Amino acid sequence: MMTRYDYAKEKYAQIGVDTDKAMEILKNVNISMHCWQGDDVTGFDHDGPLTGGIQATGNYPGKATTPEELMSDMDLALKMIPGKHKINLHASYAIFEDGKFADRDSLKPEHFKRWVDYAKERGIGIDFNPTYFSHPMVKDGLTLSSPDDDVRSFWINHGKACIKIAEYFAEETGYPCVMNIWIPDGYKDIPADRLGPRRRFMESLDEILSVEYDKSKVYVALESKVFGIGLESYTVGSAEFTMNYAASRGILSLMDNGHYHPTEVVSDKISSLLLFSDKLALHVTRPVRWDSDHVVLFDDETKEIAKEIVRNNALDRVFIALDYFDASINRVAAWVIGMRNLQKALLFALLQPAETMRKFQENGNMTELMIMQEELKFYPFSDVWEEFCKVNGVPSGDEWYKEIKSAERS
């Protein structure tokens, strides 16, 4: 008897798409799951409020408050997500054994040993981010661009320390580590000097990158932002600055699709960067009017981002991570929803007859292209997704939420 997947496989084959091949490709795409969704970006090295334009909203019960709780919640989420992935840490998630605290400028690999043990036990990799926010040394909203030599030196040393920690992650896990630098620096109102802070930022980054590290194991990335809370008029690390710096220094550009003006879309930028860069990195989120870090949905922009990666044969050139922190719903469910939706978007892209559609465009057959684009929306994609979940041993539909609700109650 023909199953729903058998029908879907046959239907897609009629347009030259091999569903089995699409699922096999997707199984080997690892997405970096961000630890900070589990505890509202609190981390373990400070007790104060979030600063630097960072804000988590909501008060849903069940926030992780210890490393053990956070790791347990991450395990539960990963159990519901098909395939094998990576975890993404911020430096503020250092774990200090026996109360031996180290400030951010003097962090060492040993402060992340428990995270390495966690990753090795599960056979997964780790990505990393220096934490340039929520710290007393963020003075007047500035870090690496500060005119204060002591402030700048502190954060330069933090960046250097993080490169060595990223190298430790790569060596221990066997997976390359993307180490992404983002700073909140900027001004609430119109500045008198835009060039000076950017020059200091450039010089600080140059000093951080003077550290010797294995570039086949550590991929340093630089992330831009258009503005932040309290930094509405000027951001030091603008898109123009970060892309030019990355290109000139041979590091990665990282694009977060919440870090641009509302009418800009990252999906349109990917092809340009692929022409000039060997690799690039993404933080996929869902901005609502601004960088509000909502849970990723199976929406148009997520699908367009996935299509750009897939149809340009760039799955091995684009490092994909998630970045959002929603405290208004179950935090573990938020991980699962976002990760699975990004996988759905990638699968949807893998099930497109990309070459046929490209030829329509090149031959000026825009009517046929539009028809196919619209008809594909009604192809039995969901049956292929259910099969993908089945062969990877995870629940399909919304069955996965039952276990999370049970864990929440207990």
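Here is a friendly set of questions and answers about this predicted model.

Student: Which residues does Phe169 contact, leaving aside neighbours within four places in sequence?
Tutor: Phe169 is one of the residues with the most contacts inside the largest nonpolar core. With the sequence neighbours set aside, its partners are Leu89, Phe112, Val116, Ile126, Phe128, Gly174 and Cys177.

Student: Are H10 and H14 roughly parallel or roughly antiparallel to each other?
Tutor: Two packed helices are described by the angle between their axes and the distance between the axes. For H10 and H14 (residues 400-409), the axes lie 10 Å apart and the packing angle is about 160°. An angle over 145 degrees falls in one class, and therefore H10 and H14 are roughly antiparallel.

Student: How many residues in the contact of H10 with H14 are charged?
Tutor: H10 passes H14 in a right-handed crossing. On the H10 side the contact uses Val332, Ala333, Val336, Ile337 and Arg340, while H14 brings Trp400, Tyr401 and Ile404. These residues divide into seven nonpolar and no polar, and the charged count is one.

Student: Is Asp140 buried or exposed?
Tutor: Asp140 sits in the loop between strand S3 (125-129) and helix H5 (149-173). Its phi is near 55°, a positive value in a residue other than glycine. The relative accessibility of Asp140 is 71%, and the cut-off for this class is over 50%. Asp140 therefore counts as exposed.

Student: What is the phi of Arg289?
Tutor: Look in the loop between strand S9 (280-284) and helix H9 (300-311) to find Arg289. Arg289 counts as exposed, at 75% relative accessibility. Its phi is positive, in a residue other than glycine, and lies near 75°.

Student: Is Lys86 buried or exposed?
Tutor: Lys86 belongs to strand S2 (residues 86-90). Leaving aside neighbours within four places in sequence, its contacts include Asn30, Met33, Asp127, Tyr175 and Cys177. The relative accessible area of Lys86 is 5%, and the cut-off is under 20%, so Lys86 is buried.

Student: How far apart in space are Phe201 and Ile124, C-alpha to C-alpha?
Tutor: Phe201 is in helix H6 (residues 195-208) and is buried, with a relative accessible area of 1%. Not counting residues up to four places away in sequence, it touches Leu144, Ser145, Ile183, Leu222, Val236, Gly237 and Phe241. Phe201 and Ile124 are 77 residues apart in sequence, and their C-alpha separation in space is 33 Å.

Student: Which helices do the buried residues of H13 pack against?
Tutor: H13 covers residues 381-391, and its buried residues are Phe381, Asp383, Val384, Trp385, Glu387, Phe388 and Cys389. H13 is followed by Gly393, with a positive phi near 70°. The packing partners of the buried residues are H1 (4-13), H2 (19-27) and H10.

Definitions and conventions. Residues are numbered from 1 along each chain as its sequence is written. This is a predicted model: local features need pLDDT of at least 70, side-chain atom pairs count only at pLDDT 80 or more; totals for chains, interfaces and linings use all residues. Side-chain values use heavy atoms; hydrogens and water are left out. A nonpolar core is a set of buried Ala, Val, Leu, Ile, Met, Phe, Trp, Tyr and Cys residues joined through side-chain atoms within 4.5 Å. Buried means under 20% relative accessible area, exposed over 50%, partly exposed in between (1.4 Å probe, protein chains only). Contact means heavy atoms within 4.5 Å. Axes are lines fitted to C-alpha atoms, for helices over the stretch in contact, and angles run from 0 to 180 degrees between N-to-C directions. Helices (H or I, at least four residues) and strands (E, at least two) are DSSP runs, numbered from the N terminus. Angles under 35 degrees count as roughly parallel, over 145 as roughly antiparallel, 65 to 115 as roughly perpendicular and the rest as oblique. A crossing is left-handed if the near helix is turned anticlockwise from the far one by less than a right angle, and right-handed if clockwise. Ala, Val, Leu, Ile, Met, Phe, Trp, Tyr, Cys and Pro count as nonpolar, Asp, Glu, Lys and Arg as charged, and the others, Gly among them, as polar.
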